[in-house]
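Student: Could you take me through one part of this model closely, namely the place where the ligand is held, and then follow one of the residues there to its aromatic partner?

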Amino acid sequence: MEESRLPPGQYVPRGRPVIHYGRVPQFRPDTWDFQVFGATASGREHRFTWPEFESLPRTGVLADFHCVTKFSLMGNEWRGVSPATILAAVPPDAGVRHVMIWAEYGYSANLRMSDFTAEGSLFAMELDDKPISPDRGFPVRIVVPHLYAWKSVKWVRAVEYLIEDRRGFWEERGYHNVADPWREQRYSYQEEPGEGPP
Ligand SMILES: Nc1nc2c(c(=O)[nH]1)N[C@H]1C(S)=C(S)[C@@H](COP(=O)(O)O)O[C@H]1N2
Ligand SMILES: [Mo]
């Protein structure tokens, strides 16, 4: 039954692996902010404080999550803020087609606007009815369940609106710009014309 939910080459491991590059950052609610910058419609950037971000309306998503190293975590119940809420609060310029999601310490991942606004994408703050744990991205991570999990940036601090696409942290290091696990889009050498920045 779960097999039909598993993209090619993936397996369900024992336990629930946690992986990331670097250290788990400390959350400081008084200095934490969530920036939206780049090609905004107004030309100005916007910052949400923690109390502002925490009080945005939340919705839920039930989703699996597929790491390019081939393990999958099945049936995660995320709750958090829809990307649509951020786009409505800080409208992008009409030419925006991509976003860069930025984390603490400069980790980043780029997304096509259509992947950012896809049904399962969410700025998650809760997992399985509890605040997300520090090592899984507390206080806010994005989840983009239909793409390989390196795009599901933990410890998100900013969204940059992009008119021209640009590669994020792993996309610059040889991973696929789009990252669809159902098509096994693992590496940049697999990219077809139009799937990456020129
Ligand atoms: N900020 C940040 N987010 C990140 C990463 C990272 O190194 N830094 N690693 C990504 C990768 S490769 C995976 S597989 C998932 C792992 O999420 P998990 O630790 O909740 O299993 O986080 C993603 N988000
Ligand atoms: Mo990963």
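Tutor: In this predicted model, an N or O atom in the side chain of Arg 136 is 2.9 Å from an oxygen atom of ligand 1. On its own the ligand has 530 Å² of accessible area, and the protein covers 97% of it. As for the site itself, ligand 1 sits in the largest pocket, where it is surrounded by 18 residues, the closest being Ile 19, Tyr 21, Arg 136, Arg 141 and Lys 154. By residue class, this shell comprises 13 nonpolar, 2 polar and 3 charged residues.

Tyr 21, one of those closest residues, leads on to the aromatic pairs, of which a search of the whole structure finds 21. The ring of Tyr 21 pairs with that of Trp 170, with the centres 6.1 Å apart and the planes at 90°; because an angle over 60 degrees counts as edge-to-face, the pair is placed in that class. In sequence, Tyr 21 belongs to the segment before strand S1 (33–38), whereas Trp 170 belongs to the segment after strand S10 (156–162), so the pair ties together parts that are 149 residues apart.

Note on methods: Residues are numbered from 1 along each chain as its sequence is written. Chains are lettered from A and ligands numbered from 1 in the order in which they are written. This is a predicted model: local features need pLDDT of at least 70, side-chain atom pairs count only at pLDDT 80 or more; totals for chains, interfaces and linings use all residues. Side-chain values use heavy atoms; hydrogens and water are left out. A residue is near a molecule or strand if one of its heavy atoms lies within 4 Å of it. A polar contact is a pair of N or O atoms within 3.5 Å; within protein, one must be able to donate a hydrogen and the other to accept it, and residues adjacent in sequence count only if both atoms are side-chain atoms. Accessible areas come from the Shrake-Rupley method with a 1.4 Å probe; for residues, only the protein chains shown count as cover. On a 1 Å grid over the protein atoms alone, a cavity is a set of points where a 1.4 Å probe fits but cannot get out, and a pocket is an open set with protein on both sides within 12 Å along at least five of seven lines; lining residues have an atom within 4 Å of a point. A molecule sits in a cavity or pocket if more than half of its atoms lie within 2 Å of its grid points. Ala, Val, Leu, Ile, Met, Phe, Trp, Tyr, Cys and Pro count as nonpolar, Asp, Glu, Lys and Arg as charged, and the others, Gly among them, as polar. Rings of Phe, Tyr and Trp (its six-membered ring) pair if their centres lie within 6.5 Å; planes under 30 degrees apart count as stacked, over 60 as edge-to-face and the rest as tilted. Helices (H or I, at least four residues) and strands (E, at least two) are DSSP runs, numbered from the N terminus.
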